Amino acid sequence: MPTIPASRSGAPARAPRRDATANREALLVAAAAALNEDIDASLEAIAARAGLSRRAVYGHFANRDELLIDVFTRGAARLAALLDPVSHPDARVEIALFGATLWAEVEHIRVSAALAVRGPHRELVGTALDPARERLRSTVGRGMADGTIRADLDRETVTRLIEHAAVSVLDEATRAKLSDRDGHRLVILAALSAAGMGWREADDLLAATPELAFDAVQDDDAMQHDAVQDDEGADR
């Protein structure tokens, strides 16, 4: 059971009221949705989306920047949790599954993923993604060792190329309003291309691997999504 910290007077501080906790959560959810549509979304727009006033925001966050940092780091942690169970003996398929998982969660984590590789908070947000980056780095190394991943560049460079390719597709595909199936295919092909595969070879791998099928990834993501939601609920 969580302990309630003492106030400055020495008396136990009261736990946040239920409505205050709910309002903070509503602001974080509204901010994530608003920022995915417009990275420059104002506090007024975020508050209105949460059904609250701008003044109410300052009861939880000192300024817009503080709210954004919470949204970005939470999104990055969510993404790292979703990628953690992704695994496959073929390094190429595992990389493709990383991309497919990103796409399946695009509405939730697009901004956080983009800011992990660019943006003013990239170092802070990127730290939350370090476990996922290490997984990708390990997968790239495994593929380079068995000859399935390009070896003309060093492992760090190939890892960054795959990461940037996937995030760029998430951003562009969302702006272009691609269908879920088209975005799924595109992000996989982009990640595999960065890993050194030609587009025909990558397309053949996609067609020949049942685990990479759109419906299969969506089903797996739904289960992982529920697990992450349960964990987030337990933490609140």
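Guide: Helices (H or I, at least four residues) and strands (E, at least two) are DSSP runs, numbered from the N terminus. The model above is predicted, with local features needing pLDDT of at least 70, side-chain atom pairs pLDDT 80 or more, and totals for chains, interfaces and linings using all residues. Residues are numbered from 1 along each chain as its sequence is written, and side-chain values use heavy atoms, without hydrogens or water.

Visitor: How many helices does the protein chain have?

Guide: Along the sequence, the protein chain reads α-α-α-α-α-α-α-α-α-α-α-α. There are zero strands, and the count of helices is 12.

Visitor: What share of the protein chain's residues is buried?

Guide: Buried means under 20% relative accessible area (1.4 Å probe, protein chains only). The protein chain has 236 residues, and the buried share of them is 42%.

Visitor: How is helix 5 oriented to helix 10?

Guide: Helix 5 spans residues 91-104 and helix 10 spans residues 180-194. Their axes (lines fitted to C-alpha atoms over the stretch in contact, angles from 0 to 180 degrees between N-to-C directions) come within 8 Å and cross at roughly 140 degrees. Angles under 35 degrees count as roughly parallel, over 145 as roughly antiparallel, 65 to 115 as roughly perpendicular and the rest as oblique. Helix 5 is therefore, relative to helix 10, oblique.

Visitor: Which residues of helix 10 make the contact with helix 5?

Guide: Contact means heavy atoms within 4.5 Å. Helix 5 contributes Arg92, Ile95, Ala96, Gly99, Ala100 and Trp103. On helix 10 the residues are Asp180, Gly183, His184, Val187, Ile188, Ala191 and Leu192.

Technical notes: Buried < 20%, exposed > 50% of the residue type's maximum accessible area, 1.4 Å probe, protein only.
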